[in-house]
Amino acid sequence: MNNQPRNPEDSLTKRVLEQIEGERVAPRPRWEFVLENWFFWTLGGVAVALGAFAAAAALFEIANAGWAFYAKTHPDLLTFFIQAAPFLWLIALAVFIFVGYTNIRRTKRGYRYPFWIIACGAVLTSIVLGTALFAAGFGQEIDEAIGDHPPFYRPVVVEEHSWWENPSRGLLGGMVVAVSGANDSFTLQDFNGSSWTIDASELSTTSLAAVERGGQVRVIGVPDPDATSTLEACYVFAWQTYGAHNPAPPPAPFAVIPPPNETIAPATRSDECKGIRPYGPPRAAPGE
Amino acid sequence: MQPDVTDEQIVRRALADKEEFALLITRYERKLARYLERLGVPAREDREDILQNAFIKAYRNLNSFDPELSFSSWMYRIVHNEAMSFFRARRARPTVHYDEEGNTLLAEMKDDAADASAISDLRLSSAELEKALAVLPARYRDVLLLRFFEDRSYTEMSDILELPVGTISTLIHRAKRALRESLSGRITYE
């Protein structure tokens, strides 16, 4: 408010001009306003770009959560979703979009845009840029560089490894390190570094091909709550990483892959593997 | 006065010569003082203080004036924001001052009534309308004042209140409904 004593006879015009004169009020230079406007646009843009990084990490986790095997690893889809959803990244995405919105709203004509236009624009931009970053492999980089640090959060990919350290449900994941000459067993090093001898005599050609190709695999076998170093495999799947930053070169095959017609017909399967489906709920372990 | 010179031209001149700014003050001081009175600043001294601050602020920020907006909307925005600061500082609830322009609002409400035949006429005292407007939320009161008392377009209101045009439209619709509810029981039906 004005602190100067008011003369009631003075007109408003006179008082304003006197104050301008007396306090040497001058118009702020135009560049300050231009800079201010650019500042808010830049903050808004940076927030949307950070949202894109969060979206890329979220996409990486969603793509690599192992959705196809949820019935094997979890009692139901909801439980799987709660554990597999990349909440950290989704919350980060929401925060960055909100920050982007508030800054764009403060630009010169930002108030003219309805909330939903700015919010949808920011979400779409973040997701489109995030998809491009994910496709370029940055989703994994971000997820591994940042996702490992918060003490309250474990990246879904790391979480997923723990779901595949469960021989009592017939689930094992890890790296194929050796294959027997007769192709009837192979050695798997699980994510904790322990070695397992996997009985491969019941595997189909497709599963054997995954074993012979090497690299990381998922093994679905006969549930054995007492298993500590051996497991009878019924299916083996290559553990694919979608959106990997540096896709590992395919390992040297352990053996010549047999032609596809050499399959084990369901009728010829042992009783142990009968009834075990790759994507269905796990069969109860004997004695469970 | 130079009625043929646009506000935007005067703004450009005022940037070079502060005396030119006097023209803008002369053009808008009465209109804005009346707006402040309607907003609920009853004391003349307070209105003049708010206007003085608003014009000083406008002069200081003259380079931020966007010629794509009307100077009038820009000035209303500054005065509106100053008035809100005044109410916050005084912790006072504004009391709307009703005048003859309020009849536009009542006529509009009559046109909008779902059962127009039931409301053949609205007869209200100024005190009743003031009371009904006073209990409305501030956002509703602001849009009703600008639309029906200041005769501002939706685009101008959007620029003054810094809200999207769609939001202004929604607020007006809700404000009229709230006012109708607030007036129920006080309306005289003929």
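Modeller: That word is "buried": a residue is buried if 20 or more other C-beta atoms lie within 10 Å of its own. The model is predicted, and the criterion is applied to its coordinates.

Biologist: Which residues of H7(B) are called buried?

Modeller: In H7(B), the residues Tyr140(B), Arg141(B), Asp142(B), Val143(B), Leu144(B), Leu145(B), Leu146(B), Arg147(B), Phe148(B) and Phe149(B) are buried. With 10 of the 12 residues of H7(B) buried, the helix is therefore largely enclosed by the rest of the structure.

Biologist: How do you know that the span of H7(B) agrees with that of a helix?

Modeller: The expected span is 1.5 Å times one less than the number of residues. H7(B) covers residues 138-149, so its 12 residues should span 16 Å, and the end C-alpha atoms are 15 Å apart, which agrees. Just after H7(B), Asp151(B) takes a positive phi of about 60 degrees.

Biologist: What makes up the secondary structure of chain B as a whole?

Modeller: Chain B has 9 helices and 0 strands, and its pattern along the sequence reads α-α-α-α-α-α-α-α-α. Of its 190 residues, 37% count as buried. Among contacts in chain B between residues at least 6 apart in sequence, 70% join residues at least 24 apart.

Biologist: What makes the largest nonpolar core a core, and which residues have the most contacts inside it?

Modeller: A set of buried nonpolar residues qualifies if they are joined through C-beta atoms within 7 Å. The largest such set has 49 residues, and Met75(B) and Val79(B) have the most contacts inside it. Helix H2 of chain B, residues 21-39, contributes the largest share of this core, 9 residues. Both domain 1 (7-90) and domain 2 (102-183) of chain B give at least three residues to this core. Another core lies apart from it, with 27 residues, among them Leu172(A), Leu208(A), Ala210(A) and Val222(A).

Biologist: Which residues does Met75(B) touch?

Modeller: Leaving aside residues up to four places away in sequence, Met75(B) touches Tyr28(B), Leu32(B) and Ala58(B).

Biologist: How do you know where the two domains of chain B meet, and how many residues take part?

Modeller: Chain B is divided into domain 1 (7-90) and domain 2 (102-183). Their contact takes 9 residues from domain 1 of chain B and 7 residues from domain 2 of chain B. On the side of domain 1 that touches domain 2, H2 and helix H4 (71-90) of chain B each supply at least two residues. H4(B) gives the most to that side, with 4 residues. The residues of that side of domain 1 of chain B divide into 4 nonpolar, 3 polar and 2 charged.

Biologist: Why are E3(A) and E4(A) called a pair, and in which sense do they run?

Modeller: Two strands pair if at least two bridges are found between them. Strand E3 (residues 185-190) of chain A and E4(A) have 5 bridges in the antiparallel sense, so they meet that criterion. Leu188(A) stands opposite Trp196(A) in E4(A). The hairpin of E3(A) and E4(A) has 4 residues between the strands, and Gly193(A) there takes a positive phi near 95 degrees.

Biologist: How many bridges join E4(A) to E6(A)?

Modeller: E4(A) and strand E6 (residues 230-238) of chain A run parallel and are joined by 3 bridges. Ile198(A) stands opposite Leu231(A) in E6(A).

Biologist: Which residues form the covered face of E4(A), and which the uncovered one?

Modeller: In strand E4 (residues 195-199) of chain A, Trp196(A) and Ile198(A) form the covered face, while Ser195(A), Thr197(A) and Asp199(A) form the uncovered one.

Biologist: How many residues bring chain A and chain B into contact?

Modeller: A contact requires C-beta atoms within 7 Å, and 20 residues of chain A are in contact with 26 residues of chain B. Helix H1 (12-22) and helix H2 (30-63) of chain A each supply at least two residues of the chain A side. The largest share of that side, 7 residues, comes from H1(A). The side of chain A that touches chain B divides into 12 nonpolar, 3 polar and 5 charged residues.

Key. Residues numbered from 1 in each chain as written. Chains lettered and ligands numbered in written order. Predicted model: local features only at pLDDT ≥ 70, side-chain atom pairs only at ≥ 80, totals over all residues. Domains from an automatic or database assignment. Nonpolar A, V, L, I, M, F, W, Y, C, P; charged D, E, K, R; others polar.
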